[in-house]
Amino acid sequence: MGYRKNLRIVCGNLKDKGSLIKTVLSSKPHKSAVRCVILRATTHGSSSPPSNHRIAAVISLGLESKTEACSCIQALMDRLHSTSNALVALKCLYTIHNIIGKGFFILKDQLSMYEYFGGRNFLKLLTFRDEMSKWVRWYAAILEQNLLVSKVLGCHLYSKRAKNVIGKEKDNFSSSLNSDLLNDIDALVEFACEVGDLPDSLHLQRKSLVYEIVRSVGEDYRLVQREIGTRVAELEARMMSLSSSEWTQFLNSLTKFEDCKEGISLLFRNRNRNDELWDLVKETKAKLVAVMKERGNDGKRTLVVRFLQRTSGAS
């Protein structure tokens with residue numbers, strides 16, 4: 001078993017060196033330099049995540065120019081979609097995740113543009129069939145939803161604008177429409193559902209790359225919890241102003257969020273529990289159901305009164 005593992009590592013290292021040589025010989029100097037940075041961050045041999053200095057080298061490509069940032073994202077996507085190795089794919093996705101969280105605006109902008117031209121599900125990968133491939137598809141779906149959440153909220157989860165919301169929720173949401181807050185919650189809950197739709201091979205978290213990926217996703221999920229909580233609290237305060245369709249949308253979102261709780265708890269093993277949020281969701285749901293029933297009874301009473309008025313007028 002150890003011999004096979006060592007053989008795979010040697011073959012992976014040779015393949016990486018071959019790719020670097022091919023890139024240098026077949027590309028223009030500028031593009032080859034960018035592609036070499038991507039190749040070094042997404043090697044075959046090791047099951048460890050890319051080192052900090054490799055990630056920093058990729059992120060720094062967004063400093064110089066839009067052209068360099070575009071070449072970086074293109075090279076990263078080419079690497080992601082051309083590999084048949086699940087570990088390389090995970091490293092590509094992990095690099096994308098770091099660009100979303102730590103990258104400069106110009107790099108994030110190119111990533112968003114790639115998503116636009118690549119179409120929906122541009123990260124969904126179906127070519128892998130081994131056990132690790134389930135983590136590839138799970139991680140890709142989460143990153144796509146992360147980008148969608150950023151579009152819906154109008155800012156990235158890690159941005160200064162998002163962080164500045166803390167402690168200013170009432171002022172920040174006072175001018176927001178009910179429909180906007182509900183759409184925000186829908187996107188945020190969908191992110192939580194993607195997190196909760198976890199692979200059944202949880203034992204693979206022992207691998208350092210998968211462990212680091214789960215840790216990074218946990219950081220995102222903690223921010224999503226915060227965003228959900230502030231919006232649920234705001235809509236709870238506005239409960240009586242919601243229309244019937246808004247009530248239904250709100251209740252469905254809260255129910256969907258509760259349904260993914262078990263999977264999330266399994267993944268994080270009760271880390272990021274945030275019992276206060278779950279209590280808020282439970283209490284808000286109960287209030288919604290109670291008021292909806294009351295509205296239904298009021299509607300029935302109104303119909304009876306109108307019927308009696310019509311019959312008395314006819315007689």
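Buried means under 20% relative accessible area, exposed over 50%, and partly exposed in between, with a 1.4 Å probe and protein chains only. This is a predicted model, in which local features need pLDDT of at least 70 and side-chain atom pairs count only at pLDDT 80 or more, while totals for chains, interfaces and linings use all residues. Residues are numbered from 1 along each chain as its sequence is written, and side-chain values use heavy atoms, with hydrogens and water left out.

Q: What percentage of the residues of the protein count as buried?
A: Of the 315 residues, 46% count as buried.

Q: Why is Gln110 called buried?
A: The relative accessible area of Gln110 is 9%, and the limit for buried is under 20%, so Gln110 is buried. Gln110 lies in helix α7, residues 105-118; helices are DSSP runs of H or I with at least four residues, strands are runs of E with at least two, and both are numbered from the N terminus. Not counting residues up to four places away in sequence, Gln110 touches Lys66, Ala69, Cys70 and Ile73, where contact means heavy atoms within 4.5 Å.

Q: What makes Pro50 count as buried?
A: Pro50 has 9% relative accessibility and therefore counts as buried. Pro50 is found in the loop between α2 (29-41) and α3 (52-59). Its contacts, leaving aside neighbours within four places in sequence, are Ala41, Ile55, Lys91, Tyr94, Thr95 and Leu209. From Pro50 to Lys91 the C-alpha distance is 6.7 Å, at 41 residues apart in sequence.

Q: Why is α11 called oblique to α14?
A: Helix α11 (residues 178-196) and helix α14 (residues 261-268) pack at an angle of about 55 degrees, with their axes 8 Å apart. Axes are lines fitted to C-alpha atoms, for helices over the stretch in contact, and angles run from 0 to 180 degrees between N-to-C directions. Under 35 degrees counts as roughly parallel, over 145 as roughly antiparallel, 65 to 115 as roughly perpendicular and the rest as oblique, so α11 is oblique to α14.

Q: Which residues make the contact of α11 and α14?
A: Ala192, Val195 and Gly196 of α11 meet Gly263, Ile264, Leu267 and Phe268 of α14.

Q: How many helices and strands does the protein have?
A: The protein has 15 helices and zero strands.
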